[in-house]
Amino acid sequence: MTPIQERLFELQDIKYADFQSNLTPTLSRERFIGVRTPELRALAKKLAAVRKIEEFMKELPHFYFEENQLHAFLIAEEKDFSVCLAELERFLPYIDNWATCDQLSPGVLKREPEKLLPYIKRWLDSSHIYTVRFGIGMLMRYFLDDRFEVNYAEQVAAIPSDRDYYISMMVAWYFATALAKQYDAILPFLEENKLDTWTHNKTIQKAVESYRILPERKAYLKTLKRPSH
């Protein structure tokens, strides 16, 4: 057992491991130690401060879910933009679940989001499920406000609909969020049936559940729902 694994087991909560396993059905129960997120973030801050992480960061793939979570939080602690991107590129192919993917959110990236665009394009074209999901997440986080361009939404809509459930869910999440922020530009994607039926209807469902979309718009979106086959 590595020193990092020993520390993680010192923080173990068996019931929480059971709970986390149920939320992450793509991983077997044995992959979960049971460490709560605040404790993982605190450990990441401590390890980053003393810079005793190089060996752990090279130990890919990790076995435990919490090791992947810790790795993601350590990347988030990186203050150098270029180093952060390099660490992302190295880690993304090893992400094997939605939770680690969605909680990987390095703050340094918001400083220079335009430099992300060529990386995002490559991530969207990846054959790896969670790399694609991460790329969509980056477009959703940094390119739905003043940096928004319709071609970004077109790139997301072009992702093959039969790739994977976790990609389709993220596409729906992207378009529902986009409807809240760029309604007029995004509405044609639904009116012109640019998404597959499942993703189209899931987008409408998530949009209708959103508190950021006006009631009259929600009423219209409901009329666009397509029959499932």
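This is a predicted model: local features need pLDDT of at least 70, side-chain atom pairs count only at pLDDT 80 or more; totals for chains, interfaces and linings use all residues.
Residues are numbered from 1 along each chain as its sequence is written, and side-chain values use heavy atoms, with hydrogens and water left out.

- Gln69 is part of helix α5, residues 65-77 (helices are DSSP runs of H or I with at least four residues, numbered from the N terminus).
- Its relative accessibility is 2%, so Gln69 counts as buried (under 20% relative accessible area; exposed is over 50% and partly exposed in between, with a 1.4 Å probe and protein chains only).
- A polar contact of 2.7 Å joins the side chain of Gln69 to the side chain of Thr100.
- With neighbours within four places in sequence set aside, Gln69 is in contact with Leu40, Ala99, Thr100 and Gln103 (heavy atoms within 4.5 Å).

**Aromatic pairs**

- The structure has twelve aromatic pairs (rings of Phe, Tyr and Trp, the last by its six-membered ring, with centres within 6.5 Å; planes under 30 degrees apart count as stacked, over 60 as edge-to-face and the rest as tilted).
- Phe63 and Tyr64 have ring centres 4.9 Å apart and planes at 85°, so this pair is edge-to-face.
- Phe63 counts as partly exposed because its relative accessibility is 38%, whereas Tyr64, at 16%, counts as buried.
- For Tyr130 and Tyr166 the ring centres are 6.2 Å apart and the planes stand at 45°, so the pair is tilted.
- Tyr130 lies in helix α9 (residues 129-142) and Tyr166 in helix α11 (residues 165-181), so the pair ties together parts 36 residues apart in sequence.
- Tyr130 counts as buried at 7% relative accessibility, and Tyr166 counts as buried at 14%.
- One aromatic cluster is formed by Tyr130, Tyr165, Tyr166 and Trp198.

**Charges over rings**

- Lys115 has its charged end over the ring of Phe81, 5.9 Å from the ring centre (NZ of Lys or CZ of Arg within 6 Å of the ring centre and within 35 degrees of the ring normal).
- The ring of Tyr183 has the charged end of Arg217 over it, 4.1 Å from the ring centre.

Terms used. Helices (H or I, at least four residues) and strands (E, at least two) are DSSP runs, numbered from the N terminus. A polar contact is a pair of N or O atoms within 3.5 Å; within protein, one must be able to donate a hydrogen and the other to accept it, and residues adjacent in sequence count only if both atoms are side-chain atoms.
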